[in-house]
Every structure is written in structure tokens, then in C-alpha cells.
There are 4 protein chains.
Amino acid sequence: MESSAAQQVVGTMWEGDFYSQWMGLVIDEIREGYCRLHFVIRQDMLNGFGIVHGGVLFSAADSAFAFAGNSHGKLSMALDMSVSFIASAREGEIISMEAKEIHLGNRIGFYEITGTNTLGKVVATFKGTAYRTDKDIL
Amino acid sequence: MESSAAQQVVGTMWEGDFYSQWMGLVIDEIREGYCRLHFVIRQDMLNGFGIVHGGVLFSAADSAFAFAGNSHGKLSMALDMSVSFIASAREGEIISMEAKEIHLGNRIGFYEITGTNTLGKVVATFKGTAYRTDKDIL
Amino acid sequence: MESSAAQQVVGTMWEGDFYSQWMGLVIDEIREGYCRLHFVIRQDMLNGFGIVHGGVLFSAADSAFAFAGNSHGKLSMALDMSVSFIASAREGEIISMEAKEIHLGNRIGFYEITGTNTLGKVVATFKGTAYRTDKDIL
Amino acid sequence: MESSAAQQVVGTMWEGDFYSQWMGLVIDEIREGYCRLHFVIRQDMLNGFGIVHGGVLFSAADSAFAFAGNSHGKLSMALDMSVSFIASAREGEIISMEAKEIHLGNRIGFYEITGTNTLGKVVATFKGTAYRTDKDIL
């Protein structure tokens, strides 16, 4: 099966994305304006209270946002993100992040990202805004 | 020199904070309602465009926020954070995060966190809101 | 038909909510954890560029959020909100705001609010976090 | 005394800004990248709990943000804002909003806006991000 343009773009990004690799992110679905991925919470992702560090949840959401935002092939950069931390999560839990494009203009794209655990419970919600340049990624 | 109560609290948090340890955070100053720390951007913190992953900047800010918010000794949890990504940063750069308490009520604390590079240029700004429980950390 | 507890609560709030009255908000649906309302953009809601002032869009969303958050009968207060302004809107347009509860804990509730125009196009998206007290509204 | 370019721009915006006029905003200082204004909380700005509606605080901050962001003479539009509601305020109180430019790039500007009451107490803090077009306002 041939890979789509969106898949090729994210494949190129992935090669140098050492931090997403460190998180062990697994991309489940990628298409223009959309990305769904998951990862497993490891011990080295915990904070001082024995639960997942909020920065790790945010990082996985940021990667999903970046993959969705760049999927159209033009280099895009995050401007703003906001996060609400709704529930905690523990070592061994599988967290899914789903990034959806709400609107894409000429220069600016708006995204919503939702993090859920294995039971489908929402652990965190995010909004993200990206600036799209003219530069081709491939 | 004896350590302050705030230092003892953050020392206790630090022991189990495997993710802050992974980031190589160095705490420069901690007192009630305040934390300043720094870290060096490593290759495994980069995204697919060869600059620091936004999630790493957020994570360091989140740790500074958590240390400042818990410094009073009561277990506190982040509710909301927002971030503006202002400038990119590269491998080898030293990033400082300074978290300041804007207001602390009975249950809710508000914080501003600013990330700067070695030249003092702002790379990202953050707001954070925390919920404070009755539970003693020590 | 008898009014529900949620309707009674919002009815009580409405009586003194002179600003929501000024906006001409019309509540279309109210139940526990949910509110949908609409209003018409008037000339005195415009900014200096002849489009609706962002503050008016936010205000209508904030009212929908407040009605949804207080619908359970306990006095609640907004802590944080974030907004993305996606599309502009003009005098005479009808804007709907729909507030949904994402999660309600003992003290903290999380909400998403979406603003759409008559054509169903999203004009702005919001997240809101509220603190719930023990105080009964009725 | 001659008015500066920034003052001329905001003067032009003000003429059609019927909503800022409704709020009774008084501009205390305007220069490139900066605006400070104040207003008095009136009865028609209250919510159902007898305190200022959060939307009014946001609206005044949004106007200060817009005046600061457009002060360079190029038409700019708000993309994202976040707000933390820190303290309530009552009828008759005077609220000041101060908007500062944190960074201005070619297309994107970042701002912080702080709302204080007569006693200098912070009532709300805001971050705002704006997109700057090539279009001259004058």
C-alpha cells in the first residue's frame, strides 16, 4: 500500500523527532488535519507524586498537534496552547491523544486535542493554534 | 546552613520526580511561592525540525510551577496552563524557568512562568492555576 | 409544565444578571451541566473595525459557561478561560453559544463552549474551568 | 501638542468602537506596543451574583490588547486569549487594564494584560496573541 502525502510528511518529521521517539509515541492514524497516537506511561515519566507528569501529557498532545498541523505539507509552528488537567494517570496506563483541525485559514490553523486513558476517560483537553509558513516540508 | 521548609518539600518531591530528573533540571532558587530552575537542551529533547520540542519547554515550566505551588507544604495539583511559544531554542542552549505566585487563595493559586534563554530573551510565557488540598506533603 | 431545578437556578441568576440582559441573550436549553443560548449582534457590540468585539463573543460564552456550571445548584466561580477567535461576525448575525460539561469533580468543573453563526460555522471556541462552592444558589 | 502615530491609529479605531464606548473606557496612555486604560463598573455590567461579569473584565482587557496591538499602524487581529479570574470586583470600582507587548515578530505579536482595582490589587491576568496583516489602518 502506498503511503499518503500526510504520512510521508510525518515520516520525515519523525526521523529527527528524538523526543517523540523517547516518549515511545505510536501513531495510529494520520491524515490531513488529523492525528491520533498513543503511548504507555513509564516510570521515567512520573512526577514527585507518583503520577504522570503533566508535561508528558502535554508533550504527547503537542506532538499530535504538530503532526496534524504539518500534515498538509507546509511547515507550521505552534503559537499557543492551553491545557486542562482533568484526571491523573499512572505508570502502565495507555494514553491516546487525538488532534482534530477545527479550522484552517491561509496562515492560521486551530486544533483541539483530547487525551483519554484505556477506559476512554478524558484525562486532559487541549486547544492549539499554529502558524503555517509557505515552506514545503518534503 | 539549614534548609527551609520550602526546600525540604521540593527535596521530597524531587526524589520521586523521575521525569524532572530525566530533563536534568537544576533548581536555582526555591522559596514559598517562587521557583527558578534551568536545564540544558539535549539532542533527545528536539522535535522533527531540529529545535527544542515545545513539550520540553512546557514540562520544565510545569515543574517550576509545581515546585512553586507546593512550596507552602500542602499538596497542590495543576488545573489549567496556557503557553505562548515566542522563540525557538536549539541544542546546547540553557533555558531558565521562573515561576511566580500572582495570588494564593484558600484553595486556588495563580502563577506566571517565564522561560528565557542564556541571552535573557523570552522563549515562552505561561500561566498556571493550581488547586491546593489540605494534605501535608511532609 | 414545571421548570426543572436547573431552570430555577438560572432563572434566579438571570434576574440580577444585568449584563446578560444587556446582551439580549436568549436561553434555548438549560439542564444540569449544559447550556445553549443565542443573541443577535447589535451595532453597540462592534469594535473599531466594524465587526463584533471579541469581548462580546467571550461574554456570551462566559454566560453560557456560568449557567451550565451553576446548573447543579451550587454557587460556582470561573477560574480560567481560554478562547480562540476563528472567524469574524457582523451586525445582525445570530450567534449561538453551547456550553458542555466535560468533567465535574467535587470542587472543580471543566467545560467546553463553542460559538457558531447562523450557518453553523464555528466563530470561536472556548475552554473554561470553574470552582464549585458548598453554597446553595436557591 | 501633536498626537503620535499610535494615538492617531487608536483615535481612528475608537470612532467606530461602539462597544468600548459603551463600556466607558478611558485611555490613559497609548504608545507603540502599549496601552493603559480604565473604566468604572456600572450596574449594567454585573452578573447574577452581584459582581462584575467576567465578560466585562475580559472585554476591557481585549480592548487594551487591541489598542496596543494595532498601535504600530498595521491592522491586527486577536487569535487567542487566556484569562485567570483572580478576584471579584463590585459596582463603582475603577478597574485599570494595562497591555504590554512581550514580543512582536513579522506576523505575530504576544501581549500580557493585567487588570487591577483602585487599591492596586490584581483582579485578572490575561495573555493575548495577535496576527498582524500588511494593511495600514490610517
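Author: Two strands pair if DSSP finds at least two bridges between them. Strands (E, at least two residues) and helices (H or I, at least four) are DSSP runs, numbered from the N terminus. This is a predicted model: local features need pLDDT of at least 70, side-chain atom pairs count only at pLDDT 80 or more, and totals for chains, interfaces and linings use all residues. Residues are numbered from 1 along each chain as its sequence is written, while chains are lettered from A and ligands numbered from 1 in the order in which they are written.

Reader: Which residue stands opposite M81(A) in strand 3 of chain B?

Author: Strand 3 of chain A and strand 3 (residues 74-85) of chain B pair in the antiparallel sense, over 5 bridges. In this strand of chain B, the residue opposite M81(A) is V83(B).

Reader: How many strands does the open sheet have?

Author: The order is 1(A)-2(A)-4(A)-5(A)-6(A)-3(A)-3(B)-6(B)-5(B)-4(B)-2(B)-1(B), with antiparallel pairing. Its edge strands, each pairing on one side only, are strand 1 (26-31) of chain A and strand 1 (26-31) of chain B. From one strand to the next the twist averages 20 degrees (angles run from 0 to 180 degrees between N-to-C directions, and axes are lines fitted to C-alpha atoms, for helices over the stretch in contact).

Reader: Which residue in strand 5 of chain A stands opposite M97(A)?

Author: Strand 4 (residues 94-104) of chain A runs antiparallel to strand 5 (residues 108-116) of chain A, and 8 bridges join them. In strand 5, the residue opposite M97(A) is G115(A).

Reader: What angle does the direction of helix 3 of chain B make with that of strand 4 of chain B?

Author: Helix 3 (residues 54-70) of chain B packs on the sheet. In chain B the helix touches strand 1, strand 2 (34-40), strand 3, strand 4 (94-104), strand 5 (108-116) and strand 6 (122-136), and it also touches strand 3 of chain A. With the direction of strand 4 of chain B, its own direction makes about 40 degrees.

Reader: Are helix 3 of chain A and helix 3 of chain B roughly parallel or antiparallel?

Author: The axes of helix 3 of chain A and helix 3 of chain B come within 8 Å and cross at roughly 160 degrees. Angles under 35 degrees count as roughly parallel, over 145 as roughly antiparallel, 65 to 115 as roughly perpendicular and the rest as oblique. The crossing angle therefore makes the two helices roughly antiparallel.

Reader: How many charged residues does the contact of helix 3 of chain A with helix 3 of chain B have?

Author: In helix 3 of chain A, G54(A), G55(A), V56(A), F58(A), S59(A), D62(A) and S63(A) meet G54(B), G55(B), V56(B), F58(B), S59(B), D62(B) and S63(B) in helix 3 of chain B (contact: C-beta atoms, placed from the backbone, within 7 Å). Ala, Val, Leu, Ile, Met, Phe, Trp, Tyr, Cys and Pro count as nonpolar, Asp, Glu, Lys and Arg as charged, and the others, Gly among them, as polar. By class, this contact has 4 nonpolar and 8 polar residues, and its charged residues number 2.

Reader: How many residues from chain A does the contact with chain B take, and how many of them are nonpolar?

Author: The contact takes 31 residues from chain A and 31 residues from chain B. On the side of chain A, the elements giving two or more residues are helix 1 (5-16), helix 2 (18-23), helix 3 (54-70) and strand 3 (74-85). This side of chain A has 12 polar and 4 charged residues. Chain A gives 31 residues, of which the nonpolar ones number 15.

Reader: Which element gives the most to the side of chain D that touches chain B?

Author: Here 10 residues of chain D are in contact with 10 residues of chain B. Strand 3 (74-85), strand 4 (94-104) and strand 6 (122-136) of chain D each give two or more residues to the side of chain D. By class, that side divides into 4 nonpolar, 5 polar and 1 charged. The element that gives the most, with 4 residues, is strand 6 of chain D.

Reader: In chain D, how far from the axis is the nearest C-alpha?

Author: Chain D is superposed on chain B by a rotation of 180 degrees with 0.0 Å of shift along its axis, at an RMSD of 0.0 Å. The C-alpha of chain D nearest this axis is that of S82(D), and its distance is 3.6 Å.

Technical notes. Two residues are in contact if their C-beta atoms, placed from the backbone, lie within 7 Å. Copies are superposed by least squares on the C-alpha atoms of residues with pLDDT of at least 70 in both.
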